[in-house]
Amino acid sequence: MIRIPLLERVGAVVLAAAVGAAGLLSAAPAQAATDDVTWTVRTASNALGDDRTNYAYTLNPGAHLDDAIVVANRGTEPIELEVYAADGYTTSTGALDLKVAGEQSVGVGAWVSVPQTHVSVAAGQTVEVPFSVDVPANATPGDYAGGVVTSLTVADTSANVNVDRRLGIRTGIRVGGDLAPALAIDDLAVQWDGGVIPFLFGDATVHYRLHNTGNVSLSADETDAVTGPFGAARAEATPEAAAPTLLPGDAWERDVRLPAVAAMGVLFASVTATPVVTDAAGSISTLDPLVASTMGWAVPWPLLLVVALIVAAVVFGPRLLRNRRRRRQQAEDARVAAAVERTLAEQHRERALVD
């Protein structure tokens, strides 16, 4: 769990030019700047901790607690910021992002209340903004992720857009109860592209989707393999980039390329994924490996075309030659018959003249 800055997004100005922006989560320091405005955020020092890098709570359904975010204006002019909470989700790149302001939240964004949604911070000053966390009594056990966000909207008249710059701190809540981590491998498929030498080898691409079907955030260690019939010519690969931490219900797609896979006609692909779970204390544990498999084709079509042409030449070649010779003989016989007929006709004309 880390404190994260939320980067800016821009949108076209339309009428009131209200622009929402999703933030891209990254590592500290939590600092943002416009042309003349710079501010930072950090967790407040209180009974929950002094040097926290983010908000991480383990609470039971119905629990309540109070906390705060500290906003510091590092610029020379006062700033006006909006403060709110939002749910998080896993993006297609594997990063944790937050819902935009005004978009409905059902977890962290709904449970975290910020009474002071607008804050003014004088130049060089620091303001502590309190907020509270109220977990519903009927909240289901598991992990929930989001963030407490500060937002500054600045008009860029030269480009006719509003720039929404957001800076926040990641917020994770683990609701107590029966925790059930679970992972699924969906949409598994394998393709063989024929490669540079299509008669012999090509690259196989294994595509699949890691889907967190449990109620606990988790990641996975994966191994991908392809084989021919009866396990022949097995090739394995470990993805270069580690799988991201997936929130409950989130999914993430992966393509893993295995080079120099022999053209064996039928290709069998398998994915072995070992779920990795981090508990509230930071301890890491692994679950039983999950294995999924599928079948594809590794057919050297150019080679088959050549073979088909050879077979066709062997089977139909002699017949074609015989037919050609027959046609040539028939043409020659016709030519001879026509010549004989012309000769006989001339002889007949000559006898008629003599008579």
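Setting aside neighbours within four places in sequence, Phe131 is in contact (heavy atoms within 4.5 Å) with Tyr55, Tyr57, Leu65, Asp66, Asp67, Ala68, Ile69, Val112, Ser113, Val114, Pro115 and Val148. The model is predicted, so to speak of local features takes pLDDT of at least 70 and side-chain atom pairs count only at pLDDT 80 or more, while totals for chains, interfaces and linings use all residues. Residues are numbered from 1 along each chain as its sequence is written, and side-chain values use heavy atoms, leaving out hydrogens and water.

Phe131 also belongs to the largest nonpolar core. Such a core is a set of buried Ala, Val, Leu, Ile, Met, Phe, Trp, Tyr and Cys residues joined through side-chain atoms within 4.5 Å, and buried means under 20% relative accessible area with a 1.4 Å probe, protein chains only.

| Core | Residues in core | Named members |
|---|---|---|
| Largest | 31 residues | Phe131, Val133 and Ile173, with the most contacts inside it |

Across the protein, 42% of the 355 residues count as buried. Among contacts between residues at least 6 apart in sequence, 70% join residues at least 24 apart. The chain forms two helices and 20 strands, taken as DSSP runs (helices H or I, at least four residues; strands E, at least two) numbered from the N terminus.

Methods
Buried < 20%, exposed > 50% of the residue type's maximum accessible area, 1.4 Å probe, protein only.
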